[in-house]
Amino acid sequence: MTEEDTKPDRSLVSPGDRLQARFRKNTSAEIIQRRVIESEIRSLAQTLEELEASGEVPRAAALILGARRRFIQGVGKSAAYAQLLTTDLSATLSNVFLIDGRALNELAVLSDVRPTDVLVVFSMRRYRAESHKLAKLFHESGGEVIVVTDSADAPLAQFSTCVIQVQTGSASYADSPTAAAAVCHLLSTLTTASAKGARRRLQVRDQISRDLDIYLPESESKPEQEVAQ
């Protein structure tokens, strides 16, 4: 398969269009699997190379670390990325808030934006209006905005202090989530590595987890054959 076979076609806007264009009848599961694997490897490698050259992730990590409050938002599929980053950052930093429209909504956040606040927004095509409005108003209120998106020309880029671009090209009907998930991991790792008190916070969380019996005992979480040995 050539690189052209997995090159993302930005003209195919909807998943339905991509499904019709990329999947022919009688194509075997093995062929589809190979195409998807190769395109995922290519998208991830390209994203990491570009980010290493741009320096945008360390810059974003510094903004997050220096903020008093960290807000994270994503809508639709991007909500999964927002939840992932929130979970990882909350383990080592205080004042990390997920804007999910339920426990915390846009109105509450925008009513009290401070210059020391930072907003991380995940916005992939087809760009959601909710994220666009939030980023615009947060920026206009004086907060810092970090955008994780799939294009340098994405609508939210104009409101951002930092733009982290990921490649989402895929051989599937759905745009690839692989690079976006990797960026969450990279961003949380760089932020935690410089966070004062991260080690102590993790140790406290481990103790509280044991007190609350959150996880299965180690002996019960191992496969039966491993325990038998």
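Tutor: Before we start, helices here are DSSP runs of H or I with at least four residues, strands are runs of E with at least two, and both are numbered from the N terminus. The model is predicted: local features need pLDDT of at least 70, side-chain atom pairs count only at pLDDT 80 or more, and totals for chains, interfaces and linings use all residues. Residues are numbered from 1 along each chain as its sequence is written, and side-chain values use heavy atoms, with hydrogens and water left out.

Student: Thanks! How many helices and strands does the protein chain have?

Tutor: There are 11 helices and 5 strands in the protein chain. Of its 229 residues, 37% are buried (under 20% relative accessible area; exposed is over 50%, partly exposed in between, with a 1.4 Å probe and protein chains only).

Student: And what share of the contacts comes from residues 24 or more positions apart?

Tutor: Counting contacts with a separation of 6 or more, 73% are between residues 24 or more positions apart. Contact means heavy atoms within 4.5 Å.

Student: Let's look at H7. Which of its residues are buried?

Tutor: Ser131, Leu134, Ala135 and Phe138 are the buried ones in H7. Viewed down the helix axis, the buried residues of H7 fall within an arc of 95°, so they line one face; the arc is that of the directions from the axis to the C-beta atoms. On the other side of H7, Lys133 and Glu140 are exposed.

Student: What covers the buried residues of H7?

Tutor: The cover includes strands E1 (69-74), E2 (96-99), E3 (117-123) and E4 (144-149), along with helix H6 (106-110).

Student: Why does the span of H7 agree with what a helix should give?

Tutor: Helix H7 covers residues 129-140, and at 1.5 Å a residue its 12 residues should span 16 Å (1.5 Å times one less than the number of residues). Its end C-alpha atoms are 17 Å apart, which agrees. After H7 comes Gly142, with a positive phi near 105°.

Student: How many salt bridges does the count come to?

Tutor: The count comes to 9. Among them, Arg59 and Glu56 meet at 3.5 Å, N to O, both in helix H4 (residues 56-66) and 3 residues apart. Arg59 is partly exposed at 41%, while Glu56 counts as buried at 15%. There is also a network of salt bridges linking Arg69, Asp112, Arg114 and Asp117.

Student: Switching topic: how many aromatic pairs are there?

Tutor: There are 3. Rings of Phe, Tyr and Trp (its six-membered ring) pair if their centres lie within 6.5 Å; planes under 30 degrees apart count as stacked, over 60 as edge-to-face and the rest as tilted. Phe71 and Phe138 have ring centres 6.2 Å apart and planes at 70°, so that pair is edge-to-face. Phe71 lies in strand E1 and Phe138 in helix H7, so the pair ties together parts 67 residues apart in sequence.

Student: Which residues form the aromatic cluster?

Tutor: Phe71, Phe97 and Phe138 form one cluster. Phe71 counts as buried at 5% relative accessibility, and Phe138 is buried at 0%.

Conventions: A salt bridge is a side-chain nitrogen of Lys or Arg within 4 Å of a carboxyl oxygen of Asp or Glu.
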